[in-house]
Amino acid sequence: MEAVQGSFDELGRHLADVTFCVVDLETTGGSAAKGSRITEIGAVKIRGGEVLGEFQTLVNPDETIPAYITVLTGITNQMVVHAPRIAEVLPSFLEFARGTVLVAHNAPFDVGFLKHFSRELAIPWPGFETLDTAVLARRVLSREEVPNCKLSTLAAAFSATTTPNHRALSDARATVDVLHALFERLGPLGVTTLEEVSTYTSKVKPEQRRKRHLAEHLPEAPGVYLFRDANDDILYVGTSRNLRTRTRSYFTKAETRTRMGEMVMLAQRIEGIVCATALEANVRELRLIGRHRPPYNRRSRFPDRLTWLKLTREPWPRLSIVRAILDDDADYIGPFRGRPSAEAALTALHDSFRIRQCTPRLAKASRTSPCALAEMGHCLSPCDGSADPDEYAAEVQRVRQAMTGDPAPLVASIRRHMLELARTERFEDAAVWRDRLTAFLRAAVRTQRLRELTAVDELVAAAPHPLGYEIHVIRFGRLAAAGVLPRGVHPTGWVDALLATAETVVGGFGPIPSATAEETETLLRWLDTPGLRMVRGAWHVPLESAARHLTPFEQATAAWHDLQRPG
């Protein structure tokens, strides 16, 4: 639970005695401050598990509702043309909710809109106490119980009587069921008052507090810390600019994560690894997590789910989704976070280029029956021997250019397809193609960005540091050495000494030959540090690449998903 405004003035108010107003809004966008408007308000007033009343109204936003919002909510411009405006609706809602505790799923969104228009219309805000069911769910439920805390996920997990459908009253009713289910989970823990709901996750068990001595030996320096159990196995790996201060926080009310409390109870010692810089600590953390896969590090739970999209090297090349990069001179883009994203990118390419989609390896002079795709003209049909080798090679080169260079033809092709779908008001289908293209562009940009650094045999860069300059040696996209050059010390000899002790890194094949994608991307972010100076070596960013096409599609995708308000 998170307080959005106000405080609890009374003590010990039993949950059954508190009146709650569960509210949900539908809007034209994700930010009232950026001009988005309210299109619907739905609310349910409850007390002691009983519904006291409901409030529902459409709202005329005085602007055209975007097509993708209509697809998401089902609210059309015709539906709101005769609806009251927010100036008429808001006073009625505030009167309905007066004296209650406001509840919303992702409360900053809904309450933020209400407060924004309250200020805009000069209507006094009643100073509601506020509960956020998304925040409460994250603190009560584990990842093993639910994969995320979206309203739809929680409603399904708790068998809510109403299914969320992006209409305000339905979503508010579903949130009521989620709220009651969360209260039922808290009851056996002795959490029965509004104040206890507010603070229970901040309570630290005496056993947890007594383990604070485990952190006393650690220095106040940047580095990596490892929690180990009685068998000296690693439970958790973290990083901090101050090892002692950070690890001590695990034994205080500052640590509210349930799983971390469980981890601390199992820990028997904390190991600290001092690092010269924060960047070195971040890289060491990534490597340790990848090597040991600690059970309490979320990012280590599914380390093998990364996938790649591959353009094969064979007589008749094809596209394939693979788990690993091989030394086979093929072209790869990725890594994707999961197979669905890779399949979306694969579909985008197959729809735009006529290379074969069959999986068998074909001989140069293949003579098999053509598939349905070949008969429909979606494939150049190398299987039956009718394909011209030069024409097929040119098509493969266009695919390779889209993957590794500038995908302008692919972007243009899918954009035309999306416009045709939009003209026939097939907005949801257009959104699917937008997401497919976005998945492809993200992977292409990621690969091209990685290659900017992994192709460089050695790079030495310096960034400002409180004690002088932090200097890092990067070889083939891998951190090879780190140190801090003190003020007043001549850099030439100092850098030579650092290079002499740097890790030897041998370049290999593929976009990440010598490190993980996460490590190389961490280094790339550091290279964007303001005031950074190149000491030795250089790298460049190509002007014509996938990056210049990605931004508008990401903005459209973000606007769409922002309206789904994940918990």
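What share of the 567 residues of the chain count as buried? In this predicted model, 50% of the residues count as buried. The chain holds 20 helices and 15 strands. Among contacts in the chain with a separation of 6 or more, 68% are between residues 24 or more positions apart.

**Nonpolar cores**

- The largest nonpolar core has 38 residues, and those with the most contacts inside it are Leu-309, Leu-319, Leu-349, Met-403, Leu-410 and Phe-440.
- At least two residues of this core come from each of β9, β10 (319-322), β11, α13 (339-352), α15 (389-404), α16 (408-423) and α17 (427-454).
- Helix α17 gives the largest share of this core, eight residues.
- Apart from its neighbours within four places in sequence, Leu-410 is in contact with Ala-348, Leu-349, Ser-352, Phe-353, Ala-402, Leu-437 and Phe-440.
- A second, separate core has 28 residues, including Leu-131, Val-146, Leu-169 and Leu-182.

**Strand β11 and its partner**

- Strand β11 (residues 331-336) is mostly covered, with six of its six residues buried.
- β11 pairs with strand β9 (residues 307-311) in the antiparallel sense, over four bridges.
- Within this strand, Tyr-332 is the bridge partner of Lys-310.

- Helix α5 (residues 133-140) is mostly covered, six of its eight residues being buried.
- The buried residues in α5 are Thr-133, Ala-134, Val-135, Leu-136, Ala-137 and Val-140.
- At the start of α5, the backbone nitrogen of Ala-134 has a side-chain oxygen of Asp-132 within 2.9 Å.
- Glu-129 lies in the loop between α4 (107-120) and β5 (130-132).
- Glu-129 has a relative accessible area of 14%, so this residue counts as buried.
- The side chains of Glu-129 and Arg-13 are joined by a polar contact of 3.3 Å.

**Aromatic pairs**

- The whole structure contains 12 aromatic pairs.
- In one of these pairs, Tyr-225 and Phe-227, the ring centres are 6.0 Å apart and the planes stand at 85 degrees, so the pair is edge-to-face.
- Tyr-225 is buried because its relative accessible area is 2%, and Phe-227 also counts as buried, at 0% relative accessibility.
- The rings of Tyr-225 and Tyr-236 have centres 6.4 Å apart and planes at 40 degrees, so this pair is tilted.
- This second pair links distant parts of the chain, with Tyr-225 in strand β6 (residues 223-228) and Tyr-236 in strand β7 (residues 234-240), 11 residues apart.
- Tyr-225 and Tyr-236 are both buried.
- One aromatic cluster is formed by Tyr-225, Phe-227, Tyr-236 and Tyr-250.

**Charges over rings**

- Lys-45 lies over the face of Phe-96, at 4.6 Å from the ring centre.
- Lys-364 has its charged end over the ring of Trp-316, 4.8 Å from the centre of that ring.

**Loop residues with positive phi**

- His-166, a residue other than glycine, has a positive phi, near 65 degrees.
- His-166 is placed in the loop between α6 (151-157) and α7 (168-186).
- With a relative accessible area of 21%, His-166 is partly exposed; the cut-off for buried is under 20%.
- Arg-293, also a residue other than glycine, has a positive phi near 50 degrees.
- Arg-293 sits in the loop between α12 (278-292) and β9.
- Arg-293 counts as partly exposed because its relative accessibility is 43%.

- Val-489 is in the loop between β14 (478-486) and α18 (491-501).
- A relative accessible area of 36% makes Val-489 partly exposed.
- Val-489 and Gly-468 are 21 residues apart along the chain, and their C-alpha atoms are separated by 9.2 Å.

Conventions
Residues are numbered from 1 along each chain as its sequence is written. This is a predicted model: local features need pLDDT of at least 70, side-chain atom pairs count only at pLDDT 80 or more; totals for chains, interfaces and linings use all residues. Side-chain values use heavy atoms; hydrogens and water are left out. Rings of Phe, Tyr and Trp (its six-membered ring) pair if their centres lie within 6.5 Å; planes under 30 degrees apart count as stacked, over 60 as edge-to-face and the rest as tilted. Buried means under 20% relative accessible area, exposed over 50%, partly exposed in between (1.4 Å probe, protein chains only). A charge sits over a ring if NZ of Lys or CZ of Arg is within 6 Å of the ring centre and within 35 degrees of the ring normal. A polar contact is a pair of N or O atoms within 3.5 Å; within protein, one must be able to donate a hydrogen and the other to accept it, and residues adjacent in sequence count only if both atoms are side-chain atoms. Two strands pair if DSSP finds at least two bridges between them. A nonpolar core is a set of buried Ala, Val, Leu, Ile, Met, Phe, Trp, Tyr and Cys residues joined through side-chain atoms within 4.5 Å. Contact means heavy atoms within 4.5 Å.
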